[in-house]
Amino acid sequence: MDDAQDDLNPEQTEKLLQFQDLTGIEQIQRCRQILEGHDWNIEAAVQDTFNEQEGAPTVFDRPPSRQEERTPLVNLQPANQRVILYPGRRPQGIFQWTYYLLTMPIRFVWTTIFDILRVFVSFFRPDPRRFITDPLGDVTKFISSFESRYGQRHPVFYQGTYSQALNDAKKELRFLLVYLHSEEHQNTEQFCREVLCSDNLITFVNSSMLFWACNTSSPEGYRVSQALREHAYPFLAVIVLRENRMSVVARIEGSITGTQELIDRLEQVMAENETSLVAARAERAERSFNQSLRQQQDEAYLESLKADQEKEKKKREEREKLEEEENQRRRANEEREQQFLEREEKKSDLEKQLPPEPDVSDPDSIRIMLKIPNGSRIERRFHRHHSLKWLYYYVFCHKDCPDDFQIVTNFPRRTLPCEPKDSDSDPPTFAEVGLGKSEMLFVFDNEA
């Protein structure tokens, strides 16, 4: 059994066990083959299995074989099946016996001729009851006809097909009482009015078992009569789960006239077979417990797996976050390094462009002293008619000066517009901003 379930998911395993429980097929591999053949549709698989065993057409995709047509849905010969025959009412008195003996040859001849005619007609016209078209309609039609003739007071009829009744009786672990109705039999009228519709039988049947009935003149009733192999009417059959299979444990046939006697017979049959239901209930409870336990274990495993997956996901996210931060730091370092290289290259180019320092004796030379942020001082001479941009470039190219800065005067305090802009015009000259022969200026770091 474990091998047949190794590669199944929990849903398929549950369907497999449920299908085995409903059909009573002991071979787990056979159950799996049937379910796989029906795409794991358990409703279609169960109904198809029942129909095949009863000889009805399949509801899925293949017609039943002739061998299947002869296979009944239920086990007809359990070890202790009861066959209860009620003989017909015997003649009473000389007059009835005389009438019975005189009409016996006529009845024999009539019956023989009728049987011969029926066989002869069957060669040319098949029995229409063999063609099942609407089994549920046959049942509901019988119930409607029964109520119109005998009234609403009767045991609760099962509103479904014979296969569905068997299926529900097996699922609910209840007895199923089957009644086959024959309108042509002389004892049917009395049985229905005096026995079947009696209050005692109604109470007993409704509280003890499911009750299914159908007319044997309909295809559904005829099919069931062929499966149960009745011999006389009225006909009752008691069906119950035995050894994982629905089995006929009693047949009650013939002229049934006593309500209490029938109830006693049914109670006796139920008592003799109650142990099989008790065992089935215990087995089903154990199976349900095992399934529940297995489900709990699966849920615990899934929760543990989910927790492990969450932990792994969290670790992966943290690892990816660290990697991303490291990548960002590396890119930032690369950008800073690239900017530094570009800036150094720019400084080198600008330093080469600086005009030469004028001579100290030049009357237009200006001596500029600069106090830089590190506290030291630097100085250089510029031509008073040169643009202040050369002062900016000189500070920008000096190794001890910041890259982003401002040059301000001490008194009055003002910022010199010496930084070149993107426009074509250059900053003003030293003379235009009013700088004298010697000036003390201050360099402020904008990033400090």
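Buried means under 20% relative accessible area, exposed means over 50%, and partly exposed covers what lies in between (1.4 Å probe, protein chains only). Keep that handy, and start by selecting tyrosine 392: its relative accessible area is 10%, so it is buried.

Before you click on, a word about what is on screen. This is a predicted model, where local features need pLDDT of at least 70 and side-chain atom pairs count only at pLDDT 80 or more, while totals for chains, interfaces and linings use all residues. Residues are numbered from 1 along each chain as its sequence is written, and side-chain values use heavy atoms, with hydrogens and water left out.

**Stop 1: around helix H13**

For the cut-offs: rings of Phe, Tyr and Trp (its six-membered ring) pair if their centres lie within 6.5 Å, and planes under 30 degrees apart count as stacked, over 60 as edge-to-face and the rest as tilted. Helices (H or I, at least four residues) and strands (E, at least two) are DSSP runs, numbered from the N terminus. Phenylalanine 396 is buried too, with a relative accessible area of 7%.

Now show lysine 347. It lies over the face of phenylalanine 396, at 5.3 Å from the ring centre. To count, NZ of Lys or CZ of Arg must be within 6 Å of the ring centre and within 35 degrees of the ring normal.

Next, select phenylalanine 382 and tyrosine 394. What kind of pair do they make? Their ring centres are 5.9 Å apart and the planes stand at 75°, so this one is edge-to-face. The pair links distant parts of the chain, 12 residues apart: phenylalanine 382 belongs to strand E7 (residues 377–383) and tyrosine 394 to helix H13 (residues 389–397). Both phenylalanine 382 and tyrosine 394 are buried. Phenylalanine 382 also has a charge over its face: arginine 380, at 5.0 Å from the ring centre.

**Stop 2: two cysteines**

Select cysteine 397 and cysteine 401. How many disulfides does a search of the whole structure find? A disulfide here is a pair of cysteine sulfur atoms within 2.5 Å. Cysteine 397 is in none, and its nearest cysteine sulfur, on cysteine 401, is 9.8 Å away. Cysteine 397 counts as buried because its relative accessibility is 15%, and cysteine 401 is buried with a relative accessible area of 7%.

**Stop 3**

The aromatic pairs come to 13. For a group to look at, select Phe142, Phe146, Tyr150, Phe157 and Phe211, which form one aromatic cluster.

**Stop 3: two helices side by side**

Colour helix H10 (residues 199–208) and helix H12 (residues 259–353). Their axes come within 9 Å and cross at roughly 20°. Axes are lines fitted to C-alpha atoms, for helices over the stretch in contact, and angles run from 0 to 180 degrees between N-to-C directions. H10 and H12 are therefore roughly parallel to each other; angles under 35 degrees get that label, over 145 is roughly antiparallel, 65 to 115 is roughly perpendicular and the rest is oblique. Which hand does the crossing of H10 and H12 have? It is left-handed, meaning that the near helix is turned anticlockwise from the far one by less than a right angle, whereas clockwise would be right-handed.

**Stop 5**

Zoom in on tyrosine 233 and proline 234, which are joined by a cis peptide bond with omega about -10°. Proline 234 is in the loop between helix H11 (219–228) and strand E4 (235–242). Then jump to phenylalanine 411 and proline 412 for another cis peptide bond, with omega about -10°. Proline 412 is in the loop between strand E8 (405–409) and strand E9 (438–445).

Go back to the loop between helix H3 (28–37) and helix H4 (42–54), where you will find aspartate 39. Aspartate 39 is not a glycine, yet its phi is positive, about 55°. Tryptophan 40 is in the loop between H3 and H4, and its phi is near 60°, a positive value in a residue other than glycine. Buried or exposed? Aspartate 39 is exposed, with a relative accessible area of 64%, while tryptophan 40 counts as buried at 14% relative accessibility.

**Last stop: alanine 237**

Alanine 237 is in strand E4 and is buried, with a relative accessible area of 0%. Select leucine 176 as well: the C-alpha atoms of alanine 237 and leucine 176 are separated by 8.1 Å, with the residues 61 apart along the chain.
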